[in-house]
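Open the model in your viewer and keep the selection panel at hand. The stops below take one region at a time.

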Amino acid sequence: MKMIQLIYASTLSGDVSFSEINRIQTLAQRKNHQFNISGLLVYGRRYFLQCIEGPVKDINQLYSNIEKDSRHRDLKLLETREVTSRSFENWSMHLIMLTEQMDHLILKYCNSPHFEPHKISSKNALGLLKELNENYSTQHQITLSENHKVD
Ligand SMILES: Cc1cc2nc3c(=O)[nH]c(=O)nc-3n(C[C@H](O)[C@H](O)[C@H](O)COP(=O)(O)O)c2cc1C
C-alpha cells in the first residue's frame, strides 16, 4: 500500500485556549489509530508543527479536514513525500509541548532561538520532529500493528 508522510506548520487561532490542544490530541489519537495513521504534533509559542503518515488516501482526507479546522490558521505545507517506512510508527498521535529544555534543538533546526516552524525547511522540520521524539517522548506508546494496540 502506498504510504505518504506530510508535514505542515500552523498557528493556534486567537480565541482558542491552551487546554484545547490536549483535546485535539485525544481525538486525533483515537481517529488516527482507526486509520493506521501515525505522527507527531509539536506545540510551542502558539505554533504547531505536525507530521502525519499513513495510507495516501487517508492522509489526504485527514489533511483536508485539518485544513478546515478553525482552531488553527496560516497552514503551510512543508512536505509531502512517499515513504516506505514510518518515522513515528509508535504513535497514533504524540504531542510534545516545547519547553526550555528543548531550546538547543530549536536553535539547531530553526536557525533562531525561537520556534518559527513556518520558516524552516522540510528537511529541518523532519530533523527537529525526529530528534524531539527521540529525546523527549515520555508518554506510553501506542503501537500501530496488525494486532493493534499494546500500551
Ligand atoms: C493542530 C491540529 C492537529 C490535528 N491533528 C489531527 C490528527 O492527527 N488526526 C485527526 O483525526 N484529527 C486531527 N485534528 C482535528 C481535525 O482537524 C478534525 O477536527 C477532525 O479530524 C474531524 O473529525 P470528525 O470528522 O470525526 O469530526 C487536528 C486539529 C488541529 C487543529
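**Stop 1: around the ligand**

Select the shell around the ligand: its residues divide into nine nonpolar, six polar and three charged. This is a predicted model. In total, 18 residues surround the ligand. To find the closest, pick Ala28, Lys31, Asn65, Ile66 and Asp69.

Next, colour the shell by helix and strand. Helix H1 (20-34), strand S2 (38-44), strand S3 (47-55) and helix H2 (56-68) each supply at least two of its residues. Which element gives the most to the shell? H1 does, with five residues.

**Stop 2**

Now select S2, residues 38-44. Is this strand enclosed or open? Count its buried residues: six of the seven are buried, so S2 is largely enclosed by the rest of the structure.

S2 and S3 pair in the antiparallel sense, over seven bridges.

Then show strand S5 (94-97). S2 and S5 run parallel and are joined by four bridges. Pick Val42, and opposite it in S5 you will find Ile96.

**Stop 3: the largest nonpolar core**

In soluble globular proteins, nonpolar side chains tend to be buried together. Here, the largest nonpolar core has 32 residues. Which of them touch the most other members? Select Ile7, Leu40, Leu41, Val42, Phe48, Ala125 and Leu129. Several elements each supply at least two residues of this core, among them strand S1 (3-12), helix H3 (103-110) and helix H4 (122-136).

Centre the view on Leu129. Setting aside residues up to four places away in sequence, Leu129 touches Leu40, Val42, Leu49 and Cys51.

**Stop 4: Glu79**

Finally, select Glu79, which lies in strand S4 (residues 72-83). Is Glu79 buried, exposed or partly exposed? Within 10 Å there are 15 other C-beta atoms. A buried residue needs 20 or more and an exposed one has 12 or fewer, so Glu79 counts as partly exposed.

Show its contacts, leaving aside neighbours within four places in sequence: Glu79 is in contact with Leu6, Ile7, Ser122, Ala125 and Leu126. Of these, Ile7 and Ala125 were already picked in the core. End by selecting Tyr8. Glu79 and Tyr8 are 71 residues apart along the chain, yet their C-alpha atoms are separated by 6.8 Å.

Terms used: Residues are numbered from 1 along each chain as its sequence is written. This is a predicted model: local features need pLDDT of at least 70, side-chain atom pairs count only at pLDDT 80 or more; totals for chains, interfaces and linings use all residues. A residue is near a molecule or strand if its C-beta atom, placed from the backbone, lies within 6 Å of it. Ala, Val, Leu, Ile, Met, Phe, Trp, Tyr, Cys and Pro count as nonpolar, Asp, Glu, Lys and Arg as charged, and the others, Gly among them, as polar. A nonpolar core is a set of buried Ala, Val, Leu, Ile, Met, Phe, Trp, Tyr and Cys residues joined through C-beta atoms within 7 Å. Two residues are in contact if their C-beta atoms, placed from the backbone, lie within 7 Å. Two strands pair if DSSP finds at least two bridges between them.
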